[in-house]
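I set out to record, entry by entry, what I looked up in this structure. The notes follow the order of my reading.

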Amino acid sequence: MARGKGQGKAAASGGKAGRGGRGPQAAVAAAGKQMARKTKAAAPPAKVPPGKKQRTGFSDENKRWLKPMAAKGTTDAPPAAVAKRKAKYAEEAAAVEDDSDRELMDDEFGGAGDDADEELGLDEPASLKAEMWSDEDSSGEEPEAEEFGALHAGGAGARGAGLGESSEEDSEGDEDSDDQVDGELGGKGSSGNSGEQEDDDDENGGELMEVERKAQKLDRARAREAAEAAAEAREAAPAPLGEPAEAPVPFEVLVDAGEGEAGGAPDLSAALRRIREVARVLGNFAALRDPGRPRADYVEQLKRDLMAYYGYNRFMLDTLLALFSVPEALELIEAAEGRRPVTLRANTLKTRRRELAAALIARGVNLDPVGKWSKVGLVVYESSVPVGATPEYMAGHYMLQGAASFLPVMALAPQEGEQVVDMAAAPGGKTTYIAALMRNSGMIFANEINPQRLKSVTGNLQRLGVTNTIVCSYDGRELPRMLGERTVDRVLLDAPCSGTGVVSKDPSVKAGKSKDEIWRCAHLQKQLLLAAIDLVDANSKTGGYVVYSTCSIMVEENESVVNYALRKRHVKVVPAGLEFGRPGFTKYRDLRFHPSLAEARRFYPHAHNLDGFFVCKLKKVANAKKEAPSGDEGEGKYEDAEELAAGAASDPNPDPSTSARNLGAAAAANGGGAPMWAADSSRARGKAQAGAAAVQEPSPAQPTPGKEKKRKSEPRILREAKAELASAGAVVAVPAQRGTPAAKRRKAGKAPQ
Amino acid sequence: MRPLTEEETKAVFEKLHKFLGKGIRHLVERSDEDHVLRLNRNRVFYVRESLMRRATNVARDKLVHLGTCIGKLTHSGKFRLTVGALDVLAQHAKYKVWVKPAAEMQFLYGNHVLKSGLGRITEATPAYTGVVVYSMTDVPLGFGVTAKSTSDCRKMEPSGVVVFHQSDVGEYLRSEDDL
């Protein structure tokens with residue numbers, strides 16, 4: 001009894017150590033080591049149930065199966081078959097654990113620790129029991145006990161807990177209660193012995209007691225269930241494993257091309273069924289496909305069904321399937337149908353989260369802190385009063401705000417006393433959060449172009465007691481001209497976007513977006529981002545940051561825009577300071593982005609239970625602007641036109657060499673009217689051509705792209721013009737500095753004096 | 001954005017005097033930074049001087065809001081306090097009234113405060129002065145004008161009006177457009 005208890009405790013501590021470490025393998029290894037220790041320590045068993053033959057230690061009969069259960073690196077190497085099965089189950093356990101639900105498991109089914117205890121309690125006595133119950137000479141017992149252990153550790157908490165519970169029941173059922181541990185041993189050790197058990201019975205000629213036989217039957221049933229559950233889990237797991245769960249099935253459900261369109265309402269339940277089937281086939285295509293059908297057919301069918309069932313248009317589906325694997329795309333679509341939880345942000349200018357939570361709970365709101373990542377967020381589960389109309393709301397103690405909207409402001413991290421610009425402020429949630437972080441010091445410029453939404457900005461600012469904000473109504477691209485370039489410390493640009501990440505708020509996004517619209521959004525966003533960067537002072541003592549965020553998941557609106565800014569200004573991407581979120585893309589389809597874009601963060605409804613979001617933090621490194629390298633084909637043409645139009649220089653003379661270069665380069669690219677991303681893709685080619693083009697450049701000292709501070713294009717244009725004039729005999733004074741009157745005149749586009 | 005004229009400034013300070021009495025000093029002479037009053041499109045803003053200077057960059061027709069909006073000037077030059085002034089008033093209020101939880105919502109709907117809803121009132125409040133209305137948890141709810149002095153309030157019947165409603169935080173929901 002005492003020994004049993006001691007083992008139990010040691011098992012428990014070993015279990016915790018093993019679990020805290022690296023999961024099933026570590027747990028198994030820990031258990032193995034302990035068992036090896038125990039089996040060697042316990043020489044003659046203290047108690048032997050009456051009627052059993054007494055065997056000691058590793059007799060010849062036991063040698064085959066009685067081996068220490070360490071996973072690797074032990075003296076007695078397990079047989080090859082055992083090792084292979086062990087590996088397979090460990091891998092499966094690892095795959096199941098790698099599921100993104102893992103944290104959920106650990107929190108909700110906090111009994112994972114108990115499971116580990118159970119598992120070790122089971123592994124360790126198994127061999128002891130085998131010692132005592134020498135009749136059970138099963139070869140497969142140990143690996144199956146291991147399998148049990150692996151399943152315990154790696155399986156879903158519910159499964160493990162269920163099994164744990166049933167083992168406890170088992171021990172109660174056993175009437176061999178001299179030693180409670182022995183009873184447990186009897187239960188667990190015999191679990192998983194299916195075929196071998198009968199042999200043992202025959203061998204010993206009925207030495208097993210009636211109860212024990214029943215117990216073994218129960219264990220066999222349980223093991224069967226466990227195996228089935230494991231098979232189910234494998235089937236449901238997103239990533240298909242090496243060995244297929246079942247034999248390949250010919251796929252007959254595939255529908256011909258014309259069916260869905262031929263009149264009548266689409267059969268939604270059939271569509272849903274087909275979606276699942278096709279997804280399953282695509283997950284294990286080699287094995288489950290219908291040999292007559294190419295993969296494209298399956299994908300096409302899937303798209304058609306998704307369009308019918310969820311209401312997306314083809315463009316959106318193409319994009320989603322390009323961004324994600326098929327199972328994940330389905331998860332995203334499913335999650336986007338539902339709503340994200342209602343969240344609110346405590347206004348730290350007027351209250352504290354704890355007091356606010358207490359006050360709201362007193363009113364009848366069921367809420368919780370939103371997570372460890374935020375100190376001011378609360379999530380509302382349910383409420384008997386309208387959350388947006390409580391006296392606390394009216395007094396400005398909190399603001400209803402989506403949790404994803406906290407993230408750009410957390411990334412921005414404004415300091416007290418700084419000057420901050422919020423370029424697209426409506427309805428004012430982020431602006432008020434910035435003000436709360438700055439504690440009403442410094443200055444905030446909240447800009448919103450849409451006059452109807454301005455009311456909400458001012459209303460929220462007043463309600464939440466913000467006093468350091470100026471609200472204006474400009475087009476964001478004009479802000480550098482109005483406020484002055486290089487005058488503020490931080491800028492937040494929560495750009496107007498297509499809204500593909502917040503489908504739950506606006507379902508029309510599913511069918512209403514086309515490639516053109518995305519392109520137009522991206523164009524506007526690029527201009528806004530350049531304006532934002534121009535506003536910031538790179539030499540600011542405390543700042544120099546721009547945060548670009550959108551509520552969209554499209555790469556064209558996110559990474560592409562930031563990549564454009566990286567090329568046009570001296571900025572670099574820095575870590576956003578957010579602990580969670582997926583990294584941004586560095587390559588997508590045929591586009592290649594700067595590798596630092598992996599520091600940007602993406603958020604999805606199915607992965608983080610937040611609205612689809614993108615956040616990227618940029619640090620301005622130098623105040624100058626980059627000149628477009630000559631290899632910038634179609635992009636270069638757009639950019640030069642933008643820079644000229646934005647008033648950076650109103651030089652009316654198109655430089656012949658510039659336009660020639662652009663035309664030549666554009667011809668080299670995929671045509672002059674190529675969309676932005678195609679231009680991005682041919683950057684590599686363009687750079688090679690830049691070298692060739694540079695040779696033909698008449699301008700002196702073309703700087704190597706990306707290495708030096710670039711001059712503005714105007715001086716070069718005008719310098720060339722002056723060179724022409726000089727060659728014609730006129731005397732021209734070439735001013736060296738930028739701030740001089742002559743330079744100012746040049747900027748204004750007037751003729752040089 | 002322009003500074004206020006003499007008459008306008010007088011109108012504003014007269015109104016504030018009703019609520020703050022001598023406490024107007026605190027608005028004008030502040031320890032941290034000088035605050036000024038500016039007018040933009042009939043709205044009077046109370047704002048830090050540095051913020052005001054930076055706001056001169058913004059064009060007059062594009063400037064919407066500045067610092068704290070404390071009230072509006074009517075055509076005839078009269079000044080009316082709006083709910084945005086509540087924070088400023090609540091900081092330096094001379095006379096305060098606390099309402100019971102049951103009567104909170106009534107006041108927030110825009111009704112007057114009745115005697116039955118009156119929780120506490122500052123001692124020696126004269127009649128027809130400006131008061132700030134708080135909930136029992138010391139959250140400012142709005143402001144108004146007393147109907148009776150404190151001693152008279154004690155003698156009133158329960159359905160009598162104690163405080164005439166002028167402005168409350170419920171306006172953020174009811175009349176967001178008028179702010």
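Entry 1. I began with A:V471, whose bridge partner in β4(B) is B:H65. The strands concerned are β7 of chain A (residues 469-472) and β4(B), which run antiparallel and are joined by three bridges. I took two strands as paired if DSSP finds at least two bridges between them. Helices (H or I, at least four residues) and strands (E, at least two) are DSSP runs, numbered from the N terminus.

**Entry 2. Basis of the model.** I noted that this is a predicted model, in which local features need pLDDT of at least 70 and side-chain atom pairs count only at pLDDT 80 or more, while totals for chains, interfaces and linings use all residues. Residues are numbered from 1 along each chain as its sequence is written, chains are lettered from A and ligands numbered from 1 in the order in which they are written, and side-chain values use heavy atoms, with hydrogens and water left out.

**Entry 3. The interface.** How many residues does each chain bring to the contact? I found 30 from chain B and 37 from chain A, where contact means heavy atoms within 4.5 Å. Three residues, B:R54, B:H65 and B:Y172, supply 24% of the area that chain B buries against chain A, more than any other three residues. Between them the two chains bury about 2700 Å², with 61% of it on carbon and sulfur atoms. Buried area is the accessible area (1.4 Å probe) that two parts lose on being put together, summed over both.

Entry 4. I looked next for pairs across the interface of chain B and chain A, and the rule finds 10 residue pairs in polar contact, both residues at pLDDT 80 or more. A polar contact is a pair of N or O atoms within 3.5 Å; within protein, one must be able to donate a hydrogen and the other to accept it, and residues adjacent in sequence count only if both atoms are side-chain atoms. On the side of chain B that touches chain A, the elements giving two or more residues are α3 (49-55), β4 (63-66), β5 (68-73), α5 (101-108) and α7 (171-174) of chain B. The residues of that side divide into 16 nonpolar, seven polar and seven charged. Here Ala, Val, Leu, Ile, Met, Phe, Trp, Tyr, Cys and Pro count as nonpolar, Asp, Glu, Lys and Arg as charged, and the others, Gly among them, as polar.

A salt bridge is a side-chain nitrogen of Lys or Arg within 4 Å of a carboxyl oxygen of Asp or Glu. In one of them B:E104 pairs with A:R363, the closest N and O atoms being 3.5 Å apart. B:E104 lies in helix α5 of chain B and A:R363 in helix α17 (residues 353-363) of chain A, so the pair joins two chains.

**Entry 5. Sheets of chain B.** I traced an open sheet of five strands in the order β1-β2-β3-β5-β6, with antiparallel pairing. Why is one side of β1 (2-3) and of β6 (79-81) left without a neighbour? Both stand at the edges, each with a single partner strand, so one side of each has no neighbour in the sheet. Within the sheet, β2 (residues 35-40) and β3 (residues 43-48) pair over six bridges, B:H35 having B:R48 as its bridge partner.

**Entry 6. A recorded site.** For "active site", UniProt lists A:C551 in an unreviewed entry; such annotations may be inferred rather than shown by experiment. I located A:C551 in the loop between β9 (545-550) and α25 (559-568) of chain A.
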